[in-house]
Amino acid sequence: MALHVPKAPGVPQMLKEGARMLSGLEEAVYSNINACKQFAQSVRSAYGPNGMNKMIINHIEKQFVTSDAGTIIRELDVEHPAAKLMVLASQMQDSEVGDGTNFVIVLSGALLEAAEELLRLGVTPSEIAEGYERALDKCLELLPDLVCHEIKDYKDVESVVAGIKPAIMSKQYGNEDFIARLVAKACIAILPEKTTFNVDNVRICKILGAGLQQSEVLSGMVFKREVEGDITSAAKAKVAVYSCPVDITQTETKGTVLIKTADELLNFSRGEESLLEKQIKDIADAGVKVIVAGAKFGDMALHFLNKYGLMAVRLNSKFDLRRLAKTVNATVLPRLTTPTSEELGYCDIVRVDELGDTRVVVFSMESSESRISTVVIRGSTDNYMDDIERAIDDGVNTFKAITRDGRFLPGAGATEIELAQRLLQYADTLPGLEQYAVRKFAIALESIPRTLADNSGANATEVINSIYKAHKDGKQTYGYDIESDGSDACDAKSKGIFDAFLLKNWGIKYAVEAATTILKVNQIIMAKKAGGPKPKAAAGSDDES
C-alpha cells in the first residue's frame with residue numbers, strides 16, 4: 001500500500017496538489033514590486049528621443065528592432081501576473097490615446113519603487129494607495145492650469161505639424177520634420193466634416209529601396225500587386241468591385257449532360273464562352289474601365305477583358321477590398337452581374353507604377369476630398385521601415401487626439417516637475433500618513449525627466465535641480481534641453497516641445513491605477529497548470545499579416 005503523505009494544514013489542504021500560495025509582505029508584495037521594477041527598468045532605457053533600441057525575437061522568430069514600448073510589450077509574452085497588470089495599463093493607454101505607453105510603465109514602476117521604501121518604514125499598502133489616489137486627484141485638478149498651447153484649426157498644416165512633431169521625435173529623432181509633414185498632409189486630406197477622424201483611413205505601404213526622403217503621400221490606395229490583364233492604366237475610370245472570381249460560373253448542382261452529336265459538343269463549350277463574353281460586354285457597356293476582384297480571374301475571362309479593354313486588378317485581402325470600395329465609393333458585389341450606376345465607384349487615375357523594383361497598382365484621387373490616403377514609405381531595410389511605420393502610427397494617433405482635444409502641455413519633463421513642485425506644497429497641508437505617499441508621488445514624477453537625462457548621458461540630479469530652479473523662478477514651461485551638452489533647462493514652449501493634454505491625463509490615471517492595484521495584492525494563489533494541449537489562441541485579423 002502506497003504511503004499517504006498528509007498535506008500541510010491551512011489553505012494548501014483545500015487546493016489541488018501542485019498549487020502554490022504566496023502571502024504576506026515579503027513573498028507577495030515585495031516580489032510583485034521587484035518584478036515590476038525590473039520590467040520598468042528594461043523599458044525605461046527606450047524612453048525619449050535618445051532612447052536605446054531593443055532587439056526582440058518573438059515566439060514565431062520574427063525580429064523587431066525598436067524603441068517603441070507598445071511593440072516591445074506586445075511582442076514580449078509577459079508571464080508574471082503583476083507585471084501583466086502594468087502591460088494591461090499600457091495597452092489601455094495605447095487604445096485610448098495611441099501614444100505614451102512607455103510613460104505609463106516608467107511612471108508606475110517609479111511609483112512602486114517609492115512605495116517599497118514607505119512599506120519598509122512601516123506604512124501600510126492601503127494608506128500608500130490612498131495617498132497616491134489623492135495625489136492623482138490633485139494632479140488632474142492642476143493639469144488644465146498648465147496648458148500652454150492649443151490647436152483650434154485642424155486643417156492648418158503648420159499648426160498640426162507643430163503638435164505632431166514631438167510624438168514622432170521620440171521615435172525618429174532627426175527625421176521628425178519630414179515625417180510630421182507627411183502625417184499632417186495624410187490626415188488633413190481625409191479629415192471628415194461631420195464625423196470623427198478614423199485612424200484606419202491612413203494606410204501605409206512599405207516599399208524597399210531609395211531612402212526615407214523619397215516617401216510620399218497619395219490620396220487613394222496603393223497595393224503591392226501586378227494587374228492581371230494587359231491594360232495597365234485607366235483615367236477617369238468607373239470601377240466595379242466583386243468579391244467573387246471573374247470566371248465561367250460553376251453551376252450550384254451537379255448534373256450530367258448527354259451529348260449525341262459533334263455539333264452539340266461544339267455548341268456546348270461555345271455556349272459557356274458566349275455567356276461569359278456577354279457578361280463582360282455588358283459590364284464594359286455600363287462604362288466600367290476597371291474590374292477589381294477578391295478571387296481569381298479565369299484565362300477565358302482575361303481574354304475577354306483584354307478584348308474589351310478592361311483593366312483587371314486582384315486583391316487577396318477582403319479588408320483591402322472593403323477599403324478600396326470605400327475609397328472609390330463602390331459597392332462590393334457578390335456575383336458577376338452588371339453593376340448599376342449606384343454600385344459603380346469612380347477613380348481619377350488607376351495605374352501601374354514601379355518603385356525601386358517593386359511594381360504597385362495605384363488608385364489615386366485627384367480631388368482634394370478623399371476618404372483614404374496612403375503614406376508610401378521608402379527605406380533600405382524592412383526593420384527600418386517598420387520603425388518608421390510605428391512613428392507614423394503615433395503621429396496619426398496624436399492627430400486624432402488633437403481633433404478630440406487640441407490642448408497641449410509643455411514637454412521635456414516640464415509638466416512633471418511643475419506637478420511635483422505643487423504636490424510637495426500640497427503634501428504639507430495633509431495631516432495623516434497620506435502626506436508621505438503624496439511626497440513619494442512627487443518624487444516618482446521626477447523619474448520622467450530623470451529618464452530623459454539618463455538616456456541622453458547627462459547627470460540626472462543636476463538636470464532635475466536646474467529644472468526645479470527655473471520653476472521656482474516662475475518659468476513653468478521650462479524642461480530638460482536634450483540638445484545641450486550639460487544639464488541645462490530650456491523653454492519647452494518656445495522650442496515647440498509639447499505633450500498632448502489627453503496623453504498626460506490618461507497616462508497618469510492608468511499608471512496610478514496599475515500601481516495601486518499591484519500594491520493592494522497581499523496574496524498570490526496559483527492553481528496547478530492544467531495538463532494537455534494549450535487552448536487555441538483567438539484567430540487574429542488577417543489584415544496585419
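# Close-up views of a predicted model

**View 1. The second largest pocket and its lining.** The second largest pocket holds about 730 Å³ of space. It is lined by 43 residues, of which Pro 49, Pro 166, Ser 170, Ile 497 and Asp 499 are the closest to the pocket's centre. Two or more lining residues come from each of the elements α5 (101-120), α7 (157-169), α15 (447-456), β17 (498-500) and α18 (501-519), and it is α7 that gives the most, with eight residues. Sorted by class, the lining of this pocket comprises 22 nonpolar, eleven polar and ten charged residues. The structure shown here and in the views that follow is a predicted model, not an experimental one.

View 2. Three aromatic pairs are found in a search of the whole structure, and one of them is formed by Tyr 132 and Phe 441, whose rings lie edge-to-face at 5.8 Å centre to centre, with 70° between the planes. Because Tyr 132 belongs to helix α6 (residues 125-142) and Phe 441 to helix α14 (residues 434-445), the pair ties together parts of the chain that are 309 residues apart in sequence. Both Tyr 132 and Phe 441 are buried.

View 3. Phe 408 lies in strand β14 (residues 407-410) and Phe 498 in strand β17, so that the pair links distant parts of the chain, 90 residues apart.

**View 4. Arginine side chains over phenylalanine rings.** Arg 407 lies over the face of Phe 501, at a distance of 4.0 Å from the ring centre. In a second example, the charged end of Arg 322 sits over the ring of Phe 319, 5.4 Å from the centre of that ring.

**View 5. A salt bridge between Lys 520 and Glu 133.** The structure holds 19 salt bridges, and in one of them the side chains of Lys 520 and Glu 133 meet, with 4.0 Å from N to O. The pair links distant parts of the chain, 387 residues apart, with Lys 520 in the loop between α18 and β18 (523-526) and Glu 133 in helix α6. Lys 520 counts as exposed because its relative accessibility is 52%, whereas Glu 133, at 33% relative accessibility, counts as partly exposed.

View 6. Side chains of opposite charge can pair when their charged atoms come close. In helix α9 (residues 262-285), Lys 278 and Asp 282 are placed four residues apart, about one turn of the helix, and they form a salt bridge in which the closest N and O atoms are 3.2 Å apart. Asp 282 counts as partly exposed, at 28% relative accessibility. Asp 428 and Arg 439 form another salt bridge, with the closest N and O atoms 2.7 Å apart; since Asp 428 lies in the loop between α13 (414-427) and α14, and Arg 439 in helix α14, this pair ties together parts that are eleven residues apart in sequence. Asp 428 is exposed, with a relative accessible area of 54%, while Arg 439 counts as partly exposed at 26% relative accessibility.

**View 7. A network of salt bridges.** Lys 37, Glu 116 and Arg 120 are linked to one another in a network of salt bridges.

Methods
Residues numbered from 1 in each chain as written. Predicted model: local features only at pLDDT ≥ 70, side-chain atom pairs only at ≥ 80, totals over all residues. Heavy atoms only, no water. 1 Å grid on protein atoms, 1.4 Å probe; cavity = no way out; pocket = protein on both sides within 12 Å on 5 of 7 lines; lining within 4 Å. Points joined across faces, edges and corners; volume = space filled by probe spheres on them. Nonpolar A, V, L, I, M, F, W, Y, C, P; charged D, E, K, R; others polar. Phe/Tyr/Trp six-rings, centres within 6.5 Å; stacked < 30°, edge-to-face > 60°. Buried < 20%, exposed > 50% of the residue type's maximum accessible area, 1.4 Å probe, protein only. Lys NZ or Arg CZ within 6 Å of the ring centre and 35° of its normal.
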